[in-house]
Amino acid sequence: MESRTASYLRARFREYYLTASMDAPPGMEAREWGFIFYDMPGMRRHRSFSSRKELVDYIRSTVPAHVYHSAAYYLKPDAPTMKEKIWRGADLIFDLDADHLAEYRDSGRRDYGEMLERVKRETMKLLEFLLGDFGFDERTISVVFSGGRGYHIHVRDGSVLKMKSDARREIVDYLTGRGLDPERFIHKIDVDGDAGVERARSLRGPASDTPGWGGRINKAIESMVVHLRELDDEEALSLLKNVKGIGSQKARLFLSQIREENAIKSIRAGNLDFFKHASGIWKLIIPYLMEESVRALSGETDEPVTADVHRLIRFPESLHGGTGLRVTKLSIDSLRAFDPLNDAVVFGDDPVSVRIIRPATLELMGERFDLIEGNTEIPEYAAVFLMARGLGELG
C-alpha cells in the first residue's frame, strides 16, 4: 500500500472514530488489547485500559487499521507473557468465516455478497445449536459481523468461563457432528407379536421431537424419504443406487415401502420398520443418511479459535482495516435482516479518484461497480473498500 493511500485511509478512519460510540465489552479492564497499524509491521499487543475513555482516546489518537481484544480475562492483561498475565477465564468464541466453508475453500468461487449470505446461514444454524441443544440464554450471546468474511459469536455465560481448551474442543466436536455413531440412534427392540404369543424385533430411531442430534437425524430421514417420494421411479432408483451396496432389487423394495401411506407418520414417531423389512437396506441407508445429515446440519466454525483460550477477537464498532466495513454487533433477532454490504458501510458517497490496480467487481450500497485497471472516480465508500482490500491506490 502506498503511503498516500495509507494516509487517506487513516484520515477516513479517524473521521469515523471521532463520532463512533465504541461501547467497551464487559470486563474490558481485564482484557488484553491488540492493534495493527497501516504503517507499522506486526501487531502491537499486551495493552490494557482501565476505562472506556482511555480506550477511545487511544483509538482516536493512534487510528489503528484493526482493533482486537482478548476473549480471556486476566489478572495482569498488560503483562508481556501469557504466564505472567494469569488467566482468569474466557468467553466462548465461535468464528465463522467463508474460508472455513468447503465450497469456497476448495474452489475459485469468491462472490463476496454470496459468501457473506452463506456464512450468515451457517451462523444462524450454529445459534440454533447454542440456544436449543446447549440451552444458553439469548442474553448471554452476542453476534458480531467481523467486517470481513463472516461472523463471530461470543458466549458470556458463567458455565463456560473456566472451560479449558479440551472442553471447548468437545463443544466443537458436538457442533460438527464429529464421531456420531449410528448405533446410538438406530437400534432394534423386542416387541410382542400378535396376541402376545411370539416376540419380534422392531427397528427404532429417534422421534421428531427428540432433542439434539436425534431430532435432526429424524428430520434428515424424513426429508430424504419425502424427496424420494416426489421423484418418478427412474430418478428415485438412480439416487438410491448411489448408496454403496444398494442394487436395483433392494432399491425397488425400499422405494415401494417408503411410498406406503403411513411411512412419514412412522418416521416421525421413530418407527423405522420399513427400513428393516427392505432386505437389510437399513444397514446401508442409515449410515449414509447419518453422513448426509451431519454434512447438512452440523455447524461450521473455526475449531482453533474456539479452543484457544487466549485468542484475540475483533472489537465491535471498530473498522476492519482490510475492507473499511464496521465490525457490527447484532442482536440474534436482527441478524436475519442484516445486510453487511449496506448496514456495515460507514462512509459517504463523495467522489474519490482511485487508481485500480487490477480488474474488480464490487457491489456495495446496492450499486455494482465493474472496474478495469486505470484511474476512475467512485463513491468514497467504494474507494475505501478497494484501497483497504489492496485493489486500488489513491488516484
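Buried, in this talk, means under 20% relative accessible area, exposed means over 50%, and partly exposed is in between, with a 1.4 Å probe and protein chains only. What I am showing is a predicted model, in which local features need pLDDT of at least 70 and side-chain atom pairs count only at pLDDT 80 or more, while totals for chains, interfaces and linings use all residues. Residues are numbered from 1 along each chain as its sequence is written, and side-chain values use heavy atoms, with hydrogens and water left out. Helices (H or I, at least four residues) and strands (E, at least two) are DSSP runs, numbered from the N terminus.

I start with helix H6, residues 165–176. Its twelve residues span 17 Å from first C-alpha to last, close to the 16 Å expected at 1.5 Å a residue; the expected figure is 1.5 Å times one less than the number of residues. Which residues of H6 are buried? They are Arg168, Ile171, Val172 and Leu175. Seen down the axis of H6, the buried residues fall within an arc of 100°, so they line one face of the helix. The arc is taken over the directions from the helix axis to the C-beta atoms. As background, an α-helix has 3.6 residues a turn, so residues three or four places apart point the same way. On the face of H6 turned away from the buried side sit Asp166 and Glu170, both exposed.

What covers the buried residues of H6 includes strand S5 (87–90), S6, H5, helix H7 (213–230) and helix H13 (303–307). Contact here means heavy atoms within 4.5 Å. Leu175 has 0% relative accessibility, and its C-alpha is separated by 9.4 Å from that of Asp133, 42 residues apart along the chain. After H6 comes Gly177, with a positive phi near 70°.

Next, the sheet. Four strands make an open sheet, ordered S6-S8-S7-S12, with antiparallel pairing; two strands pair if DSSP finds at least two bridges between them. At the edges are S6 (92–97) and S12 (328–330), each pairing on one side only. From one strand to the next, the twist averages 20°. Helix H5 (residues 112–133) packs on this sheet, touching S6, S7 and S8 (150–155), and its direction makes about 20° with that of S8. Axes are lines fitted to C-alpha atoms, for helices over the stretch in contact, and angles run from 0 to 180 degrees between N-to-C directions. Strand S7 (residues 141–145) is joined to S12 by three bridges, and Val143 stands opposite Leu330 there.

Now strand S3, residues 66–70. Five of its five residues are buried, so S3 is largely enclosed by the rest of the structure. His66, Tyr68 and Ser70 point one way, and Val67 and His69 the other. S3 is joined by four bridges to strand S1 (residues 33–36), antiparallel, where Trp33 stands opposite His69. It also pairs with strand S11 (residues 312–314), antiparallel over three bridges, and His69 stands opposite Ile313 there.

Last, Glu380, in helix H16 (residues 380–388). Is Glu380 buried or exposed? Glu380 is buried, with a relative accessible area of 10%. Its side chain makes a polar contact of 3.4 Å with that of Arg12. A polar contact is a pair of N or O atoms within 3.5 Å; within protein, one must be able to donate a hydrogen and the other to accept it, and residues adjacent in sequence count only if both atoms are side-chain atoms. Leaving aside neighbours within four places in sequence, the contacts of Glu380 include Tyr8, Phe347 and Asp349.
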